[in-house]
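I opened this entry to keep a record of what I looked up, and in which order, with the cut-offs written beside each term.

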Amino acid sequence: RLRGLLAWPVALPQEEERARLLREVGHSLREDFGGEAANMVRAAEHSASRLVTLVTRHFPGFRDSCVYKGRQVFLYKRAQILVGDI
């Protein structure tokens, strides 16, 4: 279904996971920020580091981590890329 919305002719890598993440983001934006990403930016007071914190708090799919030497390390690469794009 995501492929149809994007008019993409071939299967997308991890298509179902991408669709799930889009639903997650849309739900949180609607519930927590009145459906507007700009409201999330305002809530972060235009601070990139605060926006990364909000993104990882409200969008679980952006909480990327790995295990290093037996300890979980949070990278937040996706959140940082999103904030950089905004």
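**Salt bridges and their surroundings**

I began with R50, which is partly exposed because its relative accessible area is 44%, where buried means under 20% relative accessible area, exposed over 50% and partly exposed in between, with a 1.4 Å probe and protein chains only. I note that this is a predicted model, in which local features need pLDDT of at least 70 and side-chain atom pairs count only at pLDDT 80 or more, while totals for chains, interfaces and linings use all residues. Residues are numbered from 1 along each chain as its sequence is written, and side-chain values use heavy atoms, with hydrogens and water left out.

I then looked up the partner of R50 and found E45, the closest N and O atoms of this salt bridge being 2.6 Å apart; the term requires a side-chain nitrogen of Lys or Arg within 4 Å of a carboxyl oxygen of Asp or Glu. E45 counts as exposed, because its relative accessibility is 55%.

How many salt bridges does the structure hold? I recorded 4 of them. One joins the side chains of R20 and E24 at 3.2 Å, N to O, and both residues lie in helix α2, 4 residues apart, which is about one turn of the helix. I reminded myself that an α-helix has 3.6 residues a turn, so residues three or four places apart point the same way. R20 counts as partly exposed because its relative accessibility is 34%, whereas E24, at 15%, counts as buried. I also noted that E17, R20 and E24 are linked in a network of salt bridges. Another pair is R30 with E31, whose side chains meet at 3.8 Å, N to O, and both of these residues are exposed.

**Fold and core**

I next went through the secondary structure, taking helices (H or I, at least four residues) and strands (E, at least two) as DSSP runs numbered from the N terminus. The protein has 5 helices and 2 strands, and read along the sequence they follow the pattern α-α-α-α-β-β-α. The C-alpha trace spans about 40 × 35 × 20 Å along its principal axes, and of the 86 residues 29% count as buried.

Which residues of helix α4 (residues 48–58) are buried? I listed L51, V52, L54, V55 and T56, and the buried residues of α4 pack against α2, α3 (37–43) and α5 (77–85).

In the largest nonpolar core, which has 14 residues, M40, L51, V55, F59 and F62 touch the most other members; such a core is a set of buried Ala, Val, Leu, Ile, Met, Phe, Trp, Tyr and Cys residues joined through side-chain atoms within 4.5 Å. The elements giving two or more residues to this core are α2, α3, α4 and α5, and α4 gives the most, with 4 residues. I looked at L51 separately: leaving aside residues up to four places away in sequence, L51 touches M40, V41, A44, V83 and I86, a contact being heavy atoms within 4.5 Å.

**Surface**
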